[in-house]
Amino acid sequence: MATSPTAKTSSATAASAKAAMSATGVFAAEVLSPDATSFPPVYEAALLYSADHFDAAEQTLKDYLQTTDGKNSIRAWLMTFDFYQLTHNRTEYDALSMTFAVKFERSAPNWLESSDNPDPRRKEKRERKDLFVLTPAMDGAILAEIDRFEALSNSMGSARLDFGKVKSIHAEEAELFAIVLQRTRKSKIPVWFNSLDTFAAQLKQGINDKTGRPLGESQGYWSRLFELFILDSKLQEYEDLGLEYAVAFEMSPPAWESVVRPTGVDNPTEPSAAASSTSGVGFPLNGVIGLGSKDMMQQLSLYASSQQEVAVDMSGLMRIDFAATGMFFETIRAIHLGQKRVVLSNLNELVAALLEVFGMTKYAIIMRKKGA
């Protein structure tokens, strides 16, 4: 008997999930025992949805609702409603609502008109139009690039600055760039960075090369580093650099300022419709958490550092990509290990089930959004 594509996808995803849980040292025994070969259907669907296998997730839910256990599982119904809401399938949602009302003699969850957002797969994978790759001239100069970056960030209202091609930078260029970034920050234009660690190391090398010389010779490197750490919310790195600066020049470093950037994955200037329709309490997580969401996790960690109880509002979160579950898990676990109480609230059923699979209940309180 041939194995269906859905079954093959489910098995592969289940195997990947077990491997990922093993790698993090966490195994949710109540969800899947180490010698089991498959997940319960609601968890299987959540994993498939997370892994971007939307068709397989939908089929898994449909098949489960045809079984006796599935028909009597309110959670399976609510998860299916969430799936159709998140994938903008109003036709299937309405059909399911009629069946639900007849079976349970109660109203189905309301369709949220404000969640009429595009398919999250298209939203998530859209190419960023505000990406600026800093490309030095033949002689390595980047002065012209600094002007171009400022023009692009002003026109787009946001920017992702890629330092990958920069191999060196002069102190004068660094100082000018710091001034431009200060103007960008004061205009409240959010900026993200690619290859920041490598570029920061170049600036630090410039500082080391000027050690023992007048401040004017290295001011550009210091100013650029301080501004980068402020914009990227790297408080610890800023404080370490500030201490070096104070010791070297017997004067205070620039003042720290908190910068809050939008938490979407692709286009930070377009918050998800689901997020705009809710008014949760705590740190908001919106859109899709993917491998490109490191900034979002850093902002969450920074927020948690000043809280004893860390409330995270996930009402605007559509999905956690399977490849990013480890990053999200480690962020929450680190906050928990800092002797803080973490509350993840307003989760849709698919995200809630995914976190349960990965044993998140050991490190945070999970509160699903109210169902029907």
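**Close-up views of a predicted model**

**View 1. Arg 160 meets Asn 194.** The side chains of Arg 160 and Asn 194 make a polar contact at 3.2 Å. The model shown here is predicted. Arg 160 belongs to strand E2. Its relative accessible area is 10%. That is under 20%, so Arg 160 counts as buried.

**View 2. Strands E2 and E3, side by side.** Strand E2 covers residues 159-162. Strands E2 and E3 run parallel, and 4 bridges join them. Ala 159 is placed opposite Val 191 of E3.

**View 3. The open sheet.** Three strands make up this sheet, in the order E1-E2-E3. The pairing is parallel, and the sheet is open. Strand E1 (131-133) and strand E3 (191-194) are the edge strands. Each of these two pairs on one side only. On average, neighbouring strands in the sheet are turned by 25° against each other, direction ignored.

**View 4. Arg 185 meets Glu 257.** Arg 185 sits in helix H9, which spans residues 171-186. Its side chain makes a polar contact with the side chain of Glu 257, at 2.8 Å. Is Arg 185 buried or exposed? Arg 185 is buried, because its relative accessible area of 12% falls under the 20% cut-off.

**View 5. The surroundings of Arg 185.** Which residues does Arg 185 touch, leaving aside residues up to four places away in sequence? They are Glu 227, Ile 230, Leu 231, Glu 257 and Val 259. Glu 257 is also the partner in the 2.8 Å polar contact with Arg 185.

Methods. Residues are numbered from 1 along each chain as its sequence is written. This is a predicted model: local features need pLDDT of at least 70, side-chain atom pairs count only at pLDDT 80 or more; totals for chains, interfaces and linings use all residues. Side-chain values use heavy atoms; hydrogens and water are left out. Two strands pair if DSSP finds at least two bridges between them. Axes are lines fitted to C-alpha atoms, for helices over the stretch in contact, and angles run from 0 to 180 degrees between N-to-C directions. Buried means under 20% relative accessible area, exposed over 50%, partly exposed in between (1.4 Å probe, protein chains only). A polar contact is a pair of N or O atoms within 3.5 Å; within protein, one must be able to donate a hydrogen and the other to accept it, and residues adjacent in sequence count only if both atoms are side-chain atoms. Contact means heavy atoms within 4.5 Å.
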